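The following questions and answers go through a single structure, moving from the whole chain to individual residues. Please keep the sequence and the model at hand while reading.

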Amino acid sequence: MSNFARQMRISSSLIKRLQHRTTACIGERSFTTTEGHRPTIVHKQGLDILHDPWFNKGTAFSMTERDRLDLRGLLPPNVMSSDQQIERFMVDLKRLKVNARDGPSDPNALAMWRILNRLHDRNETMYYKVLIAKIEELAPIVYTPTVGLVCQNYSGLFRRPRGMYFSAADRGEMMSMVYNWPADQVDMIVVTDGSRILGLGDLGVQGIGIAIGKLDLYVAAAGINPQRVLPVMIDVGTNNEKLLKDPLYLGLQEHRLDGEEYLEVVDEFMEAMFTRWPHVIVQFEDFQSKWAFKLLQRYRNIYRMFNDDVQGTAGVAIAGLLGAVRAQGKPMIDFPKMKIVVAGAGSAGIGVLNAARKTMARMLGNNESAFESARSQFWVVDAKGLITEERENIDPDALPFARKVKEIGRQGLMEGASLEEVVRQVKPDVLLGLSAVGGLFSKEVLEALKCSTSTRPAIFAMSNPTKNAECTPEEAFSVLGENIIFASGSPFNDVDLGNGHIGHCNQGNNMYLFPGIGLGTLLSGSRIISDGMLQAAAECLAEYMTEEEVLKGIIYPPISRIRDITKEVAAAVVKEAIDEDLAEGYRDMDARELRKLNQEEIETYVKNNMWSPEYPTLVYKKD
């Protein structure tokens, strides 16, 4: 159906809503960045203000505002600063971690998520103030690993709607539906179909929890304005039999659409989003492998979109792999010499393989022989064992990494060889896990890694959530000793090795990259998100750590530095977009002005456009 035909279907009531919104926009809250702080006009007073999370400041309302907004007597008399509010909330949170349970089976992490969610419901600004101030402590609650638990229980946790839901039942209506969202400008959308949430499988409509969590990090880490983000669920059914029979399940209780029917739904969704918001960025999240690559290739050269599981995970892994090279005291240019065994051939595993091969090939000259040479550095093991050219019905995406029979014969391996056999015979520099199989790196596999030819082998147990990690840092350090590099997808504590030595656990979290990729794309105005922009982001993260830090085995920075990391990554993305002539500018900074900026000026430009949660001065005006 043509765009014109679709537009003609918009109802007259929709047109009236649009006309009303145009005349009523003065009542919307405005967040400012470089423009400075302006008073915000509101058309409500008293309890109505306190019950609106966009305007509520709680005990931070000044006495003059209390008089102006008819709040005197509705709040305790002591006016508190933002810092006092944060301290008070955190004291309460730590007390409630133990006491605020809905029952004996309600884990502490889920109780903390509920408490944070309630704050979000009543005071949006304070929610983000707390999240930014305590990001290292709270990121594991709003994101992995707790977000997995939230998604599993979302039908029971649902209280107030966040985001939008487009279902198979809405086919033909999405172009009209998109105008039900109140924001006239949306910068960032995170969308999922719930088919592969973390390593937990098909959670159907409950997967919207991952989109909400990701966008919280876009706000906290990248300073994306929270009024310009939109979490989205595309509900095409579920193949989870438990959910299909659950009377409390909130989604469509029918089996998933597949084939052309599925593509038609996603196509209609994408057309609707970019018709209303032509400059929006869409991040695809937790789509099952069979669709992740197809949808990425289908849209990436048409729309501003990327897939975090494929491209974000790959970028973080590349940064870690380059960091592991540095930790061995070698220059990053030695990366093409590393032997890498990869456990897992899903969307994340293949995404990392493709990105690593491209990085190696670029370092080797970026020609056909360079790509072939790079391919020979990888051994891929899935649930059926080592993947070779003898594998029947091999996944086309995995085919470029299938080992040649002659090659593996010389190593004493064959099709379907176990992970332990492969590690023992290959003697890899890196063992990389993206399998979503908890405990896959058994004691026997780790013992086999002792044969590594590397002076400091690296173990990447990258699967999420925590229970799906291929091994724990304690297991790795206890078997292999202190002279290893360890990274994981979910957070673990460092390991005390005795005698004052620490085994560092590096969290290779996607949040190091996806906020910066999104922010950099937004501020550059790039038409697409290119491989070069993603590569620039990964290399920026790899170079972020000092030489002293990487030699200690620290290859990823602490989450507490996430705002600064995101600023650096976003600046690298902007610069690459300019270099590739993709940048079209943002707001008052057009492409010509962008090209004039040096590196320091690009970083300043990025920093000045990162939103921070500040209470605006509220002024009442009768409607």
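Q: What percentage of the 623 residues in the protein chain is buried?
A: In this predicted model, a residue counts as buried when its relative accessible area is under 20%. Applied to the 623 residues of the protein chain, that criterion gives a buried share of 58%.

Q: Among contacts between residues at least 6 apart in sequence, what percentage joins residues at least 24 apart?
A: A contact here requires heavy atoms within 4.5 Å. Of the contacts in the protein chain whose partners are at least 6 apart in sequence, the share joining residues at least 24 apart is 71%.

Q: How many Å apart are the centres of the positive and negative side chains?
A: The accessible surface of the chain comes to about 25900 Å², with 50% of it belonging to carbon and sulfur atoms. As for charge, there are 71 positive and 81 negative side chains, and the separation between the centres of these two sets is 3 Å.

Q: Is Asn153 buried, partly exposed or exposed?
A: Asn153 is placed in the loop between α9 (146–152) and α10 (154–157), and a polar atom of its side chain lies 2.8 Å from the backbone oxygen of Leu149. Its C-alpha atom is separated by 9.8 Å from that of Gly207, a residue 54 positions away along the chain. Because its relative accessibility is 34%, Asn153 counts as partly exposed.

Q: Which residues is Glu549 in contact with, leaving aside its neighbours within four places in sequence?
A: Glu549 belongs to helix α25, which covers residues 547–551, and with a relative accessibility of 18% this residue counts as buried. Once the neighbours within four places in sequence are set aside, the contacts of Glu549 are with Ile554 and Arg561.

Q: What is omega for the cis peptide bond that joins Asn464 and Pro465?
A: Pro465 lies in the loop between β11 (458–461) and α22 (473–480). The peptide bond joining Asn464 to Pro465 is cis, and its omega is about -10°.

Q: What is the value of phi near which Asn366 lies?
A: Most residues other than glycine have a negative phi. Asn366 is found in the loop between α17 (347–363) and α18 (368–375), and at 48% relative accessibility Asn366 counts as partly exposed. Although this residue is not glycine, its phi is positive, near 60°.

Q: Is Asn499 buried or exposed?
A: Asn499 sits in the loop between β13 (495–498) and β14 (501–503), and has a positive phi of about 55° although it is not a glycine. The cut-off for an exposed residue is a relative accessible area over 50%. Because its relative accessibility is 79%, Asn499 counts as exposed.

Methods
Residues numbered from 1 in each chain as written. Predicted model: local features only at pLDDT ≥ 70, side-chain atom pairs only at ≥ 80, totals over all residues. Heavy atoms only, no water. Buried < 20%, exposed > 50% of the residue type's maximum accessible area, 1.4 Å probe, protein only. Areas by Shrake-Rupley, 256 points an atom, 1.4 Å probe, with all protein chains shown as cover. Lys, Arg positive; Asp, Glu negative; His and termini not counted. Charge placed at Lys NZ, Arg CZ, Asp CG, Glu CD. Helix = DSSP H or I, 4+ residues; strand = E, 2+ residues; numbered from the N terminus. Polar contact = N/O pair within 3.5 Å; in protein donor to acceptor, adjacent residues only side chain to side chain.
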